[in-house]
Amino acid sequence: MMGYQRGQEFLNEFGGIESILFFDDDSVLLSGDNAEKGRRLIKKQQFDKYLQEHKFLPNSVEKPKLDLTKYQQRTRDDRLLYLQVLKVLVTEGLKPTVPSTYDELIKRVEKLHPHTQATTHPKRTTLCKQWKKWCNSDFYDDVLACKRRVGRTRINSASEALLNHHTSTVYSDSNSTYKGAFYRDYCELVKEHASSNSDIYAVSERTYSRRLDAIREQERILNIKGLTQAERNQRLLTLKRKIRTYCALQRVECDRVCINMSLIDDDTGLPTPPLSLYAAIDVYTRCIIGVVLSFNAENKEDGFNLIRQIYMDDDNLPMHGKPFSLVLDNGAGFNNELMQKTCEELRVSNVYSPSNQPAKKPFIESFFKTLRADFFRGFKIEDKHGKVTIGFNSYKGKRTDKNTVETESLQKLADIKVSDFKRLLNIFLSEYSHKLHREAGHVPIEAWIKSKQGTPYPEYNYTGAKSAFHVFTDKPKHKLQPAGKVYLLKQTFTNPNGLKTLYNILKVDALGDENPDVSVFFDPFDARHVTVQGIDPQTGEVIRVSAYNVECYDYPAPISFDELNGYKPKSVGIYQDTKHEITGHYKGKIDSFFKQKRRKPPARGPKTPSFDENNAQLLTAQERIAVSHSIDSKSKVSIRPNIQCLEQEDNKNASKQPKDTVAKDSYDKDQLW
């Protein structure tokens, strides 16, 4: 059945033109060419039947073409993105104005046009008004244009998305305050993307400058000393809302945090140095996609290991993949040549935020706050004996926190083994990914699955990308053996076919009986494979061959060179072999809390005579006190010479005193014996 409205004209079967004057649920009043004389009343069912039999045909009246400005055209096109999808939903039987239809509309629009995720969607009431206006015009698109032909500049979805991307990535990579240089780079980026999307255009320099000023103002306030934690959290939230992403792994922030806590080594049973955590968070979904536990000062190996963990997963934390861009800290763990080479091999863009500016990576900073509160202070731990603690008793709080009390040392408070800590942290992150993130408005794991389905791209994991992590070198050159073997860090690597072929190619350029030189690149945390590189002496072509460790090439999980050589690795991940069932609560169980043995400190200085030793020497109370005072702290003093000295002093004193006094003293002495 065709829809119609008052005033609409139709061609009848006789070629005349009739228009609808009025209609209701029962009948339709038509007006012919002769005005009053041509009016007739027809039953609505009969009129609908005439329409189906084509006895009444809509009279298409050509409407005057509106001359729309570019501003009006952009407004019309932006509104059509939503109304065209709404039209499809209505044909599927949904009501156009109810909230459930609006929610489904937003989901479909974001799926069909991912760039709309970077902007604020129109309100439901606004779309209802536009929908009614569009339907009354018989779906004439130009009626959606705004009345104002020239108005304030409104940025469309695609241009807004590119502007947000530039201010949140390129600007974060520099500490410069020269706005003109940033704007020139932004214009070049617009030209590059406009070739594939004609809707993208560059905003004015004034608009771009206002965006930068808004971000810098928030950063300036965050650096004010004495700012309360509530104000700091609010400013960080404002900055996070200005950074918009469209899919998972588009922006991943990495950082390192020092934890005021020590653990117990599983092998030695001794306390470890204070621990530090390296973490990577996906900004779009808020999923933690990589964590590394370390007990060393910040170093390049630990930062490198964090990038490896992003490509790994387990049953509890299945989120992994290849990031589009990495926002890294400017510390020694990330800003080094090895990290840059690794990102180049992985074809990942790396962005370094300036020092002492946490506002340029607000998402990872906010997660560290949640980690301290919900894990270190709020996680419920229970052992097999029924002992329960809320939070870790060995955690002393943030060192800069005024409420942190300095009592015992971290080593003395340690009561959690490293293996237990890794498992508890794995459980916490698993529960964290299944809880509603209030700030983002979604559950991280659900947002991850939805994003992977909505924006599919090739699956990247550690198995397929492990050769890209072969960027470390032990020494400039290694000797390639005739049997197709190379030796690296006390390990033997071989590839019978590939390395023998490489040996024959390079042997032509070797001197005498010497074996040819090759370069060996490896991953310090995975000793199962290395990459052997040589240069063809005739063509100058670089030849790369993968070689496996003859001792551990079939290990199911990576093993580090340090572990094979009897040392502990510099850092470890937290992935587990056991599946954790989601409970909805931050709690976990351990076997038992480790109780350290308290050893009495050894006594210093010379040994003091005991009560029995003094009795054996037949000393009086005064003599015992004198002996105790005369003990030298540097060397043991014999008791008998002191007694002789005391007797000589007594004789001198006795000669000076009256005889009755001497007799009394001697009497008292006899009584003591």
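Y183 is buried, with a relative accessible area of 15% (buried means under 20% relative accessible area, exposed over 50%, partly exposed in between, with a 1.4 Å probe and protein chains only). Y186 is also buried, at 0%. The model is predicted: local features need pLDDT of at least 70, side-chain atom pairs count only at pLDDT 80 or more, and totals for chains, interfaces and linings use all residues. Residues are numbered from 1 along each chain as its sequence is written, and side-chain values use heavy atoms, without hydrogens and water.

**Aromatic pairs**

- The whole structure holds 33 aromatic pairs. Rings of Phe, Tyr and Trp (its six-membered ring) pair if their centres lie within 6.5 Å; planes under 30 degrees apart are stacked, over 60 edge-to-face, and the rest tilted.
- The Y183 and Y186 ring centres are 6.0 Å apart and the planes stand at 40°, so this pair is tilted.
- Helix α6 (residues 179–194) holds both Y183 and Y186, three residues apart, or about one turn of the helix. Helices (H or I, at least four residues) and strands (E, at least two) are DSSP runs, numbered from the N terminus.
- Y278 and F334 form an edge-to-face pair, with 6.0 Å centre to centre and 70° between the planes.
- Y278 sits in strand β7 (residues 276–282) and F334 in the loop between β9 (325–328) and α10 (337–346), so the pair ties together parts 56 residues apart in sequence.
- Y278 is buried at 0% relative accessibility. F334 is buried at 0% too.
- Ring pairs also link a cluster: F367, F368, F375, F376, F379, F392, Y395, F421, F428, Y432 and Y586.

**Charges over rings**

- R74 lies over the face of Y201, 4.9 Å from the ring centre. The rule asks for NZ of Lys or CZ of Arg within 6 Å of the ring centre and within 35 degrees of the ring normal.
- K387 lies over the face of F593, at 4.9 Å from the ring centre.

**Cavities**

- There are six cavities of 30 Å³ or more. On a 1 Å grid over the protein atoms alone, a cavity is a set of points where a 1.4 Å probe fits but cannot get out; lining residues have an atom within 4 Å of a point.
- The second largest cavity has about 50 Å³ of space. Its volume is the space filled by probe spheres set on the points, which are joined across faces, edges and corners.
- Its lining is L86, P96, T97, V98, Y102, L105, R124, L127 and C128.
- α4 gives the most, with three residues.

Methods
On a 1 Å grid over the protein atoms alone, a cavity is a set of points where a 1.4 Å probe fits but cannot get out, and a pocket is an open set with protein on both sides within 12 Å along at least five of seven lines; lining residues have an atom within 4 Å of a point.
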